[in-house]
Amino acid sequence: MKNIGFLAVVVATFVVAATAGSFLQDFELTWGGGRAKILENGNLLTLSLDKASGSGFRSKNEYLFGKIDMQLKLVPGNSAGTVTAYYLSSLGPTHDEIDFEFLGNLSGDPYTLHTNVFSQGKGNREQQFHLWFDPTKYFHTYSVQWNPASIIFSVDGTPIREFRNLETKGVPFPKNQPMRIYSSLWDAEDWATRGGLVKTDWSQAPFTASYRNFNAEACVWSSSGSSSCSSSSGQSLDATGQAKLRLVQKNYMVYNYCTDIRRFPQGLPPECSSA
């Protein structure tokens with residue numbers, strides 16, 4: 001699927017310079033001991049998982065709105081039971097969070113790309129996809145475009161999901177809490193693959209995911225409580241972006257909370273009527 005131009009329009013609403021990141025400069029390894037590594041003079045980061053532990057990292061900066069890109073190459077082969085998480089999050093019981101999670105599978109079966117949005121501590125807004133390529137063979141770009149009007153999830157420049165600001169309908173929207181970028185590789189064999197039916201094959205360990213080409217066109221939040229941006233206006237997907245989004249969701253979406261009537265017997269969440 002080809003790249004599209006809608007993101008450039010949205011990014012233009014932010015008065016902020018693009019930052020091509022270095023893992024040495026912009027991130028810190030947070031857990032896993034030697035299982036997390038920054039290599040190639042800061043241009044490559046790898047996370048590994050074995051039976052003893054997974055690993056993770058986070059950004060040094062916090063951000064409040066912007067576009068975040070990261071290229072990932074996921075765990076190859078039999079990755080069943082593993083989860084590679086890449087997300088933005090604030091802290092605390094009423095935290096905000098924007099999630100990509102990649103649920104591993106048996107060799108030859110597709111990864112499940114799991115997305116979710118938390119606002120004021122409430123999530124349960126899952127949409128899942130099977131990708132149209134093998135995410136373990138090459139690096140691919142996974143992006144979050146976050147502004148006061150919407151959150152757009154994209155893969156290689158193609159939108160797969162939009163969560164719009166519907167505060168007028170009583171739906172909380174992440175807009176006040178700055179968030180860091182986090183990523184981790186961990187064992188979730190109790191639920192990750194076919195609901196936990198397929199367990200992790202530890203004879204395949206260590207499992208490794210790789211990261212490169214981090215880029216932020218985003219508003220950095222300072223410790224004094226101010227933003228690096230002079231303004232943060234918002235814009236949703238245009239008609240071209242909406243068409244691309246519908247195509248992806250028609251062909252590659254495998255779960256949508258907004259159609260799960262059994263899960264919400266008292267009625268679907270209010271944002272689903274506008275999805």
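The model is predicted, so local features need pLDDT of at least 70, side-chain atom pairs count only at pLDDT 80 or more, and totals for chains, interfaces and linings use all residues. Residues are numbered from 1 along each chain as its sequence is written, and side-chain values use heavy atoms, with hydrogens and water left out.

Start with the annotation. An unreviewed UniProt entry places the feature "active site" at Glu97 and Glu101. UniProt positions follow the numbering used here, feature names are shortened, and annotations may be inferred rather than shown by experiment.

Take Glu97. Glu97 lies in strand β8, which covers residues 97-103. Strands (E, at least two residues) and helices (H or I, at least four) are DSSP runs, numbered from the N terminus. Glu97 is buried, because its relative accessible area is 13%. Buried means under 20% relative accessible area, exposed means over 50%, and partly exposed lies in between (1.4 Å probe, protein chains only).

What surrounds Glu97? Leaving aside neighbours within four places in sequence, Glu97 is in contact with Tyr87, Leu88, Ser89, Asn116, Val117, Phe118 and Met179. Contact means heavy atoms within 4.5 Å. The side chain of Glu97 also makes a polar contact with the side chain of His95, at 2.9 Å. A polar contact is a pair of N or O atoms within 3.5 Å; within protein, one must be able to donate a hydrogen and the other to accept it, and residues adjacent in sequence count only if both atoms are side-chain atoms.

Now Glu101. Glu101 also sits in strand β8. Glu101 is buried, because its relative accessible area is 14%. Beyond four places in sequence, its contacts include Val83, Thr84, Trp186 and Trp191.

Move on to strand β12, residues 150-155. Six of its six residues are buried. In a regular strand the side chains alternate between the two faces of the sheet. In β12, Ser150, Ile152 and Ser154 point one way, while Ile151, Phe153 and Val155 point the other way.

Which strands pair with β12? Strand β11 (residues 140-146) runs antiparallel to β12 and is joined to it by five bridges. Strand β13 (residues 158-164) is antiparallel to β12 too, with six bridges. Two strands pair if DSSP finds at least two bridges between them.

Look at Ile151. Trp146 stands opposite Ile151. In β13, the bridge partner of Ile151 is Phe163.

Finish with the turns. β11 and β12 form a hairpin with three residues between them. The hairpin of β12 and β13 has two residues between the strands, and there Asp156 takes a positive phi near 50 degrees.
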